Each structure stands twice: as C-alpha cells, then as structure tokens.
Amino acid sequence: MRVESEAELVEAVRGARAPLRVVGGGTRGEVGAGERLQIAISGVRLYEPGALTLIAGAGTPLSEIEAAVAAEGQRLPFEPPRWGALLGLAGESTIGGVAAANVSGPRRVQAGACRDSLIGLRFVDGAGIAVQAGGRVMKNVTGYDLVKLLAGSRGRLGVLSEVAFKLLPAAPAQATVRAGVPLAEAGRVLAAALASPFDVSGAGWLPGQGAVVRLEGLEGSVDYRAGRLAALLAPWGARIEREGSAAIWRDLAEVRPFHGRAGDIWRFSVKPSEAAALAARLGGEVVLDWGGGLIWALLPEGTDARVQAAPYIGHATCLRGRAPGTEPEAAAVAALSRALQARFDPRGILDPERAG
C-alpha cells in the first residue's frame, strides 16, 4: 500500500485490520510481517532561507532536501548519513525516515541529533487521527516535547506526514586533523580534541586512517584552529588534511569500510570513555564516531554482540544480521514505552512486532 497525501494516510490507518509496516525509502531495513505501508507524501511545502526553516512532506527524498538548501548556502545541521549501501539495500532515503529513526551523522557532537533540529511535524496516530505538533518557525516551540518523542520512534507512535526543520548556513571551509593512532589510543586523542576550545564538528576513528577530527567555518578561522589543534595533538603525530577532508567524513558517516563485506553489522551507543575497551571485547572490525560514543562493528555472522560486549552501559542495535534488532529495554523503560504506545496506538496497528 502506498499513500501520497495525509488524507490517504488517515484512511489507510483507520481502515487497517492488521498491523502495518511503515516504510519510507526502504534504506534502513523493514521490521515485522505487517502489511507494507509506503509513505510517498512528497514535496517541499515551505522554505524560507531568511528564517532558516524548511517544511516538507515526510516522503520527500533526502537528496531533494539537501539540493534545495545547498542552493541557498544552507544545510541540515545534523548531517544525515545514508546507510542503504552499508546494509545492501536499494532505495532513496526520505526526510521522514531520517526523522522517524533520529538519524544523525558526525556533526552530532557539535550541532546535536536530528531531533534537536526538528521544530515541528504532523503525524497520524494509531486511531487514524491527524495531529500537528510544534511550530513552523523556530520561535514557536508549542508541543516541542511531543516532537522530540516522535523523533526516533520509528513509526510506532505515529506515522509522520510532514516535518519542519531549522537549518544552518553551510560552512565555506573545512579541515581534518588526523592522528594515525591505533584504536586503543583513539579515545585519548578524541577526548583531547573535544575538550579543546576549537569548536570541533566531528571526531572519530577509521581503520587505516586513525583518529580524525574535523573543523569547519570561515577559511581563516579553520586555518588558525586547525593549526592550534594539530599542535595540541602533536604528541600523537597529528597532521592537517585539507584536500581529502570531505571524503574522510563521507567515509565515516556512511561507514564505508564495511561496504560490500559479509558479516553482521552492529551499532553501539555508549560512553565515549568505554569505547576502546568495549571494542576490544567485541573483536572484529570497528569504526568510531561521536568521539567514541558511537561504535560500528562488523562481526562474523551469528555473533551475539551484546553478550560479547558485556558489561556496558548503553544501547546496541543489530542493523544487519539474525539477532533481534533492538536492545531489550529495562523494566521501567519498557513499562513507560508500553503506556505511550497504548495511548498513541491502542490497536497495535503501527508496531508489527508488538501486535504479533
């Protein structure tokens, strides 16, 4: 089933007699055995570059959004990555799918997550009622908490039909400070960089590259800050990369070292200070983002990475493999989740796993 307007979405949800499997561009996998409901509510509804705000249908391709704002010298602050190639999936990422999964790239360490840039939305709940939350401009924060609640809910509380984002001006220049250190040393390098006053906009570790730290802004400012940061990280052999900087961050955002390779792909969100020890317990190959707060791991098929990584405080997700996709919630959190779902989706129409 494919819907191209909010009215069609309302009708589809109200008429559903079995669970629905909500899909945007199909680039992040599909969970559950419910009837497929593809959201194709597309198009930029309002774009005001002077107000740094954009409103679009949830099914609008991410590439269309990025092209529109880039033409005005602007960007989505949270740098949404594309994971279709990583997971071996075809399709085009949509802006609603990005919001529903709260997908956030390397710039999260500076600009926050997707939900921090989401200022308003419209959605259809499990009863087939269209709801608007938040506002259309940054000054209007009515319903802001509800906006944050829907971001990352993956369609289980409501199906997004429209999203409104605040934007930021695009940086005219960038540089990467790279230190070719082993994984065990990466945490110290990244922590030193993030604790510095040089306004870091990305911090991670890539196999074959080592620790990488990004600086963005005006040309003169980037030159100055990169030089100072390289001096700070000189004990680890840091050097400045300018020409290949953009490619490094595409590789990190899209986890390109794992593309086209067999094995299970896991994603851990943990305390950055625990990243090196957890990665050592995991074995396999890893990529670090968010200063070590995000760990990507490529492991042999069938690996139960949660058991292998224990003990840890955080959240693990199997994005490709046979293990259950999401981390089991603590009892108190699970009770809260059930209560929220019961209010937003009393029939269980929007969660094939729960309904099944």
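Me: Which residues line the second largest cavity?
Reply: In this predicted model, the lining is made of Pro81, Trp83, Ser104, Gly105, Pro106, Leu252, Ala253, Asp289, Leu294 and Trp296. Helix 10 (245-253) and strand 17 (294-299) are the elements that each give two or more of its residues.

Me: What makes Pro81 a lining residue of the second largest cavity?
Reply: A lining residue has an atom within 4 Å of a cavity point. Pro81 is listed in this lining, so Pro81 has such an atom.

Me: Why is this space called a cavity, and what volume does it have?
Reply: In a cavity a 1.4 Å probe fits but cannot get out. The space here is about 40 Å³.

Me: Why is the second largest cavity said to lie between domain 1 (2-169) and domain 3 (256-326)?
Reply: Both domains give residues to its lining, so the cavity lies between them.

Me: How is the lining of the second largest cavity divided into nonpolar, polar and charged?
Reply: There are 7 nonpolar, 2 polar and 1 charged. Gly counts as polar and Asp as charged.

Me: How many cavities of 30 Å³ or more does the search find?
Reply: The whole structure has 2.

Me: Which strands each supply at least two residues of the lining of the largest cavity?
Reply: Strand 7 (118-124), strand 8 (130-134) and strand 9 (159-166) do. The lining holds 5 nonpolar, 4 polar and 3 charged residues.

Notes
Residues are numbered from 1 along each chain as its sequence is written. This is a predicted model: local features need pLDDT of at least 70, side-chain atom pairs count only at pLDDT 80 or more; totals for chains, interfaces and linings use all residues. Side-chain values use heavy atoms; hydrogens and water are left out. On a 1 Å grid over the protein atoms alone, a cavity is a set of points where a 1.4 Å probe fits but cannot get out, and a pocket is an open set with protein on both sides within 12 Å along at least five of seven lines; lining residues have an atom within 4 Å of a point. Grid points are joined across faces, edges and corners, and a volume is the space filled by probe spheres set on the points. Helices (H or I, at least four residues) and strands (E, at least two) are DSSP runs, numbered from the N terminus. Domain bounds come from an automatic or database domain assignment.
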